[in-house]
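User: I am new to this structure and would like to learn how to read the contacts between its side chains. Could we begin with the aromatic rings?

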Amino acid sequence: MVTDFKYNKPYGSDYRISDIDDLLNRLGESLQLDTTRREFAEQRYKTIAEWIESDWLFFKSALLSVYPQGSFRIRTTVKPYKQNEFDLDFVVHLDFLSGKNYQAMELLDQLERRLGENELYKNKLERKNRCIRITYANDFHMDIMVGCQQEYFDQERLLVPDRKTKHYTPSNPKGYGKWFLVKAELKKQDLDILLKAHTARNPVIRLSENLPAQQPYEFKLPLERAVQIFKRYRDVHFYHKPQLATSSIILTTLAAGAYQGELSVFETIDNIIKDITSKSGMRSGRAQPFRVPNPANPDENFSEKWFEDQAVFESFIQFISKMQQVWDRLKDPDNDLTDEILFEKAFGEARIKRLVADQQQFRATATRAAALTPIAKAAGLGTLYTTPDIKPTFKPDVVQNQPARRFGGKFLKPKPSKSSVGTLVLQQRLIQQAYPGMFRFVIKNGILVCRTRLQPHDTCEAYKIRIEYSAGAAPQVFIDSHKIIPKSSIHMYSNETLCLHYPGDINWKHRTSLASYTVPWICEWIVCYELWKITGKWEGAEIVH
């Protein structure tokens with residue numbers, strides 16, 4: 001349960017990402033297309049573009065370029081709510097003369113003709129107002145808009161066909177993308193602050209040994225995340241009345257127009273809501289439709305439907321009012337609902353519960369990693385001590401750990417011993433003195449077997465350890481409680497013994513103390529292994545096996 005959301009304004013180099021911003025980032029990340037689907041869609045887009053470009057009858061001579069537009073271009077994609085089908089929009093950009101030589105509907109007809117000549121596309125086509133849609137059922141659809149350059153020397157502004165009017169209408173998808181990216185930019189100092197906070201909040205760890213170490217979400221600028229959140233709340237709000245839903249281009253334009261360089265995603269959304277309520281007249285209780293011009297081509301009005309259908313505008317106002325209520329309650333320390341419940345109502349219960357659980361697990365794992373890292377980095381340097389209950393510490397104690405050149409080397413079979421049992425008894429006594437009551441011992445066939453249960457740190461698991469020692473030879477150390485696959489990256493030999501030191505560094509003699517060398521090194525190895533399970537990295541200097 002998330003209980004410590006804070007409305008956290010940015011403040012200088014001490015800025016920290018709050019729990020609420022962390023959850024909003026996780027929400028935005030969960031809404032993005034996975035890498036497989038994105039790559040698949042991009043490959044389809046390139047294939048279709050090549051098909052259009054190869055048309056000798058019309059497009060080959062007039063085509064200047066084909067490029068993505070919309071959310072793919074500005075990094076604000078979201079998965080459809082309770083659906084599998086997502087969209088990819090792109091533009092077929094024709095030269096200036098096309099607009100002079102052809103009527104608007106001729107361009108759409110030519111695009112439909114060319115796509116229909118392909119067996120893969122002809123049964124998937126659908127005419128829309130300003131584009132041709134190709135639908136891959138239960139996967140994604142592509143809206144392909146064709147347009148001609150509006151002016152000879154301006155390579156961004158377009159005239160695109162509009163079926164409703166039967167004429168051209170102005171547009172500028174490339175210019176719009178540039179405008180948004182500029183609006184989303186942060187000053188270098190602010191960007192550095194936010195990147196530092198992002199890294200501090202999201203160390204590179206893995207939640208399972210079988211997963212790669214990575215951050216829970218990629219770094220996105222606050223405006224990019226805010227647009228994703230707005231679009232998802234829109235999708236939930238209008239789920240049962242999609243015909244009244246506010247378009248993504250309107251939400252994106254209003255959000256970018258209101259953005260003032262905030263570092264907090266929560267604060268970014270809060271200020272966008274305030275700006276919209278001001279523009280629309282909601283604050284005075286006299287909301288009226290208003291123009292939302294394309295900032296890259298002011299002749300294009302994104303909100304023309306508001307003036308044509310009052311119900312569409314009123315639905316937009318209700319949507320913003322609902323979102324404002326959620327944000328106001330999140331800011332109110334005395335609200336009667338937990339922040340988690342408010343988010344569940346706004347963005348979907350199952351998704352938020354999963355994200356909160358992930359957030360808590362990640363925080364616990366990151367806390368473990370932070371606690372283990374200093375010890376792991378000191379392992380083998382001789383700067384640690386070991387307590388009587390066999391835990392490494394930086395404070396001087398009974399046993400000072402010996403340097404070990406950090407767990408490397410080649411396995412060498414212990415040499416046969418010619419010494420008496422007295423050496424084994426001496427080693428047993430030294431261990432008992434250093435770690436009273438912690439070990440059980442057996443001497444059999446000239447081998448001292450020492451068994452114990454170690455938990456070097458409160459955040460570590462407990463390990464059952466077995467040490468087998470022949471007098472005068474390097475001991476062999478086994479872990480009996482865990483099934484660990486031997487590999488050089490964790491410094492475990494193929495016979496499942498621990499690799500605790502570089503053999504060439506130590507000439508084991510009868511009086512080389514297991515209590516001072518072997519036992520502390522086992523503690524260090526366990527701490528390093530526990531951290532390796534989280535980060536995938538073995539800390540400290542090492543000699544490759």
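Analyst: This is a predicted model, and a search of the whole structure finds 26 aromatic pairs.

User: How is the pair of Tyr81 and Tyr239 arranged, and which parts of the chain does the pair tie together?

Analyst: In general, a pair of aromatic rings is described by the distance of the centres and the angle of the planes. Here the ring centres of Tyr81 and Tyr239 are 5.2 Å apart and the planes stand at 85 degrees, so the pair is edge-to-face. Tyr81 belongs to the loop between helix H4 (71-74) and strand S2 (86-94), while Tyr239 belongs to the loop between helix H9 (222-237) and helix H10 (248-258), so the contact ties together parts that are 158 residues apart in sequence. Tyr81 counts as buried at 15% relative accessibility, whereas Tyr239, with a relative accessible area of 32%, is partly exposed.

User: What arrangement do the rings of Phe313 and Phe316 have?

Analyst: For Phe313 and Phe316 the centres lie 6.3 Å apart with the planes at 40 degrees, so this pair is tilted. The two are three residues apart in helix H13, a separation of about one helical turn. Phe313 counts as buried at 1% relative accessibility, and Phe316 counts as buried at 0%.

User: Which residues form one aromatic cluster?

Analyst: One aromatic cluster is made up of Tyr233, Phe238, Phe266, Phe319, Trp327, Phe343 and Phe347.

User: Turning to charged side chains, how many salt bridges does the structure hold?

Analyst: Side chains of opposite charge can pair when their charged atoms come close. The structure holds 35 salt bridges, including one between Arg130 and Glu300, with 3.5 Å from N to O. Arg130 lies in the loop between strand S3 (125-127) and strand S4 (132-136) and Glu300 in strand S9 (residues 297-301), so this pair ties together parts that are 170 residues apart in sequence. Glu300 counts as buried, at 7% relative accessibility.

User: Where does the salt bridge of Lys331 and Asp270 link the chain, and is each residue buried or partly exposed?

Analyst: The closest N and O atoms of Lys331 and Asp270 are 3.1 Å apart. This pair links distant parts of the chain, with Lys331 in helix H13 (residues 310-331) and Asp270 in helix H11 (residues 265-280), 61 residues apart. Lys331 is partly exposed, at a relative accessible area of 27%, while Asp270 counts as buried at 2% relative accessibility.

User: Which residues are linked in a network of salt bridges?

Analyst: Asp19, Asp22, Arg26, Arg201 and Arg363 are joined in such a network.

How values were computed:
Residues are numbered from 1 along each chain as its sequence is written. This is a predicted model: local features need pLDDT of at least 70, side-chain atom pairs count only at pLDDT 80 or more; totals for chains, interfaces and linings use all residues. Side-chain values use heavy atoms; hydrogens and water are left out. A salt bridge is a side-chain nitrogen of Lys or Arg within 4 Å of a carboxyl oxygen of Asp or Glu. Helices (H or I, at least four residues) and strands (E, at least two) are DSSP runs, numbered from the N terminus. Buried means under 20% relative accessible area, exposed over 50%, partly exposed in between (1.4 Å probe, protein chains only). Rings of Phe, Tyr and Trp (its six-membered ring) pair if their centres lie within 6.5 Å; planes under 30 degrees apart count as stacked, over 60 as edge-to-face and the rest as tilted.
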